[in-house]
2 protein chains.
Amino acid sequence: MPEAVIAGVGMHKCGRHPGKSFSVMAAEAAVRALDDAGMNFGDIQAVYASHVMQGASAGQAVCQHLGMTGIPVTNVENACASGSTAVRQAFIDVTYGVYESVLVVGFEKMRQGVIGGIGEENTVSAELGLNVMPALYALKANEHMHRYGTTREQMAMVAVKNHLNGCYNPNAHFQKELTVEEVLASRLICDPLRLLECCPTSDGAAAAIVCSERRARRHNPGPFVYVAGAALVSEIYGDDPDVTSRAAKIAYEMAGLGPAEIDLAEVHDAFSIGEILHYESLGFCAPGEGGRLVETGRTAINGDIPVNPSGGLQSRGHPLGMTGVAQVCEVAWQLRGQAGRRQVKGPQTGLTHTQGFGGVCAVTILKR
Amino acid sequence: MPEAVIAGVGMHKCGRHPGKSFSVMAAEAAVRALDDAGMNFGDIQAVYASHVMQGASAGQAVCQHLGMTGIPVTNVENACASGSTAVRQAFIDVTYGVYESVLVVGFEKMRQGVIGGIGEENTVSAELGLNVMPALYALKANEHMHRYGTTREQMAMVAVKNHLNGCYNPNAHFQKELTVEEVLASRLICDPLRLLECCPTSDGAAAAIVCSERRARRHNPGPFVYVAGAALVSEIYGDDPDVTSRAAKIAYEMAGLGPAEIDLAEVHDAFSIGEILHYESLGFCAPGEGGRLVETGRTAINGDIPVNPSGGLQSRGHPLGMTGVAQVCEVAWQLRGQAGRRQVKGPQTGLTHTQGFGGVCAVTILKR
């Protein structure tokens with residue numbers, strides 16, 4: 001089987017961009033990824049476009065800007081894991097020899113305000129309010145505090161760490177340092193979660209070129225970032241808390257690596273408690289130890305397992321369809337040593353993780 | 001490469017089903033397809049769910065009814081070609097050995113009323129009204145009438161034929177014969193298109209199990225319907241009229257067949273003129289001869305190239321994400337001789353065709 005590489009990555013800065021269409025933002029990200037790979041759109045054999053709410057044929061609208069070459073374009077949606085799903089699909093296609101060069105482009109222009117209840121109406125989850133994300137994560141936070149003694153301060157430290165990292169990321173929505181006190185003094189959204197522990201509402205786009213190594217070398221001498229594993233799972237019971245650990249297990253096995261061998265990770269910190277939970281599910285610490293992991297600084301950029309050096313969803317932002325692709329961009333830049341002031345020291349491996357409404361979870365492992 | 005077969009198909013009747021959720025309709029269709037294949041959901045390795053406007057993680061909501069097995073579920077959207085895109089993705093996965101058994105489930109609960117302008121705002125197409133489907137097809141109809149002498153009566157005959165076929169399809173939205181006079185006396189929607197030449201607003205769901213032949217035989221002695229080719233293309237210039245002929249060329253080459261060897265077809269008759277245009281693009285007749293093809297009865301069930309024996313989008317209905325999967329169900333039933341009073345005589349091959357907003361087109365060829 002050919003090895004799949006990330007031949008190029010590109011991004012459009014996260015933020016609020018009312019004057020710019022999603023297709024222009026996405027096309028800019030795609031052109032940057034193509035430039036990075038030394039390719040042009042005519043070299044691409046298929047496109048996977050990830051978004052959640054940009055309407056019919058949004059990926060085709062993006063490709064109209066790139067030069068219409070007639071190739072298969074498929075829009076892929078899996079809630080917050082949409083981008084990761086698209087990356088995995090491209091990885092499978094290249095690994096199994098369907099295509100040699102695939103463009104993945106993830107983008108979103110978010111509506112104003114908080115997203116309310118999502119998914120089907122008249123379900124038990126919706127009746128219980130579990131389709132409102134801050135409510136769902138607040139329940140998880142309360143459970144973790146009760147069961148393990150995790151503190152509000154530890155949760156706030158996730159927001160503080162990720163906002164500090166975002167200060168060094170020009171593509172992040174926010175470049176603003178926060179203190180634990182500021183986080184805990186911000187508006188209460190859903191007890192115990194405060195405003196500054198919730199990801200903002202951001203627009204943005206990211207792109208990655210997934211190629212066979214042979215094809216990538218025709219355009220670029222490398223060195224390349226390899227896709228070592230990619231897993232996508234769904235839940236096995238309602239509101240299944242173990243989707244992350246099951247996806248991670250599959251991805252680790254594909255990559256032949258364990259959590260101790262991961263040098264950095266971009267994980268789904270839509271809410272501060274999420275990052276703490278995911279530390280545990282991804283195997284970076286034992287169950288219940290997530291709060292301590294952030295408190296001791298081990299997940300900071302200079303820690304032993306840096307998490308969300310990009311700023312994560314909290315500070316880079318969370319344009320839904322973009323996120324999984326943006327994580328791959330960040331890990332690629334980190335593994336290539338191109339992450340500027342937020343560079344992790346000499347990473348050889350990196351992991352991305354997204355988790356979405358409906359019990360979907362995706363984990364991807366990249367290596368040098 | 002393993003040959004991909006349609007191991008089972010199932011459908012939920014088209015119509016207006018206000019009391020039923022999309023996920024229940026889709027799960028019913030999936031269970032019928034599984035029963036038809038002699039399989040249960042635990043035998044399925046991956047799911048592609050096609051829909052356009054059912055919200056985030058709709059496919060995951062369907063799988064919650066089927067028994068949560070944790071497998072990869074991916075939502076796929078390509079406007080009116082969503083279902084065909086999902087079928088093609090499953091075909092590729094099975095043919096390249098990614099999976100041995102894939103469930104494709106296409107569904108849609110449509111909103112009330114006509115869909116207005118779709119796609120991005122502030123584009124040239126939107127300014128010209130070309131994102132309103134009846135307007136776009138009305139322009140094509142006027143051009144065809146002007147250039148080739150195609151008549152309003154010939155276009156009405158498409159609606160008459162497809163509504164007659166729908167009378168024999170218990171899954172069709174309508175079981176009602178029409179006359180040319182009734183069609184031409186119905187309300188003008190966009191000159192020259194009349195109400196009864198436009199597909200209705202329908203809810204519905206369809207499912208197909210795509211397997212390697214070896215895997216299908218473990219559950220079912222056959223005989224099976226084989227997927228001989230599947231193509232997905234995008235446009236090569238704005239409002240490209242040739243997407244169908246390019247998709248067909250690829251699918252014909254994959255199948256090693258030409259249009260003269262196709263025994264029946266399910267094509268995208270969202271508007272009467274569409275079917276006439278597609279006759280020509282698919283190679284069933286010469287350019288300009290489409291009006292004559294329907295007028296002479298050659299595309300009737302007992303004609304030499306029956307088109308839309310199911311009733312097509314006009315009479316079966318057009319729940320967007322369902323349509324491409326529903327077409328595969330119909331061709332499978334026809335090739336297996338199970339189409340009841342609408343059975344085409346002894347077909348060995350069949351073609352499906354969908355075309356969607358944004359210049360997307362998919363053609364699939366099935367054979368016994």
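Start with helix α1 of chain A, which is mostly covered: 12 of its 16 residues are buried. (Buried here is 20 or more other C-beta atoms within 10 Å of a residue's own, exposed is 12 or fewer, and partly exposed is in between, with C-beta atoms placed from the backbone; helices, H or I with at least four residues, and strands, E with at least two, are DSSP runs numbered from the N terminus.)

Before you click on, some ground rules. This is a predicted model, where local features need pLDDT of at least 70 and side-chain atom pairs count only at pLDDT 80 or more, while totals for chains, interfaces and linings use all residues. Residues are numbered from 1 along each chain as its sequence is written, and chains are lettered from A and ligands numbered from 1 in the order in which they are written.

**Stop 1: still on α1(A)**

Select residues 22-37 of chain A. The end C-alpha atoms of this helix are 23 Å apart, which agrees with the 22 Å that its 16 residues should span at 1.5 Å a residue (the expected span is 1.5 Å times one less than the number of residues). Among its buried residues are A:Phe22, A:Met25 and A:Leu34. What do the buried residues pack against? Show β1 (4-15), α2 (58-66), β4, β7 (203-212) and α8 (213-217) of chain A to see. (Contact is C-beta atoms, placed from the backbone, within 7 Å.) Just past the helix, A:Gly38 has a positive phi of about 75°.

**Stop 2**

Now pick A:Val210. In the largest nonpolar core, with 250 residues, A:Val210 and B:Val210 touch the most other members. (Such a core is a set of buried Ala, Val, Leu, Ile, Met, Phe, Trp, Tyr and Cys residues joined through C-beta atoms within 7 Å.) Leaving aside neighbours within four places in sequence, the contacts of A:Val210 include A:Ile6, A:Phe91 and A:Val227.

**Stop 3: two domains in chain A**

Colour 4-112 + 202-227 as domain 1 and 124-199 + 229-367 as domain 2; the bounds come from an automatic or database domain assignment. Their centres, taken over C-alpha atoms, are 23 Å apart. Where they touch, 36 residues of domain 1 are in contact with 37 residues of domain 2. On the domain 1 side, α3(A) gives the largest share, eight residues.

**Stop 4: where the chains meet**

Show both chains. The contact takes 43 residues from chain A and 43 residues from chain B. Which element of chain B gives the most to its side? That is β3(B), with five residues. Strand β3 of chain A (residues 73-77) and β3(B) pair in the antiparallel sense over three bridges (strands pair if DSSP finds at least two bridges between them). Zoom in on A:Glu77, whose bridge partner in β3(B) is B:Asn75.

Next, select A:Tyr96, in the loop between α3 (82-95) and β4 (101-108) of chain A. A:Tyr96 counts as partly exposed because it has 17 C-beta neighbours inside 10 Å. Not counting residues up to four places away in sequence, A:Tyr96 touches B:Tyr96, B:Gly97 and B:Val98. From A:Tyr96 to A:Met1 is 6.4 Å, C-alpha to C-alpha, though they are 95 residues apart in sequence.

**Stop 5: a covered strand in chain B**

Finish at β11(B), residues 360-367, where eight of eight residues are buried. One side carries B:Val360, B:Ala362, B:Thr364 and B:Leu366, and the other B:Cys361, B:Val363, B:Ile365 and B:Lys367. Eight bridges join β8(B) to β11(B), running antiparallel, with B:Tyr226 partnered by B:Lys367. Strand β10 (residues 349-356) of chain B also joins β11(B) antiparallel through eight bridges, and B:Thr352 stands opposite B:Thr364. β10(B) and β11(B) form a hairpin with three residues between them, and B:Gly358 in the turn has a positive phi of about 95°.

Conventions:
Contact = placed C-beta atoms within 7 Å.
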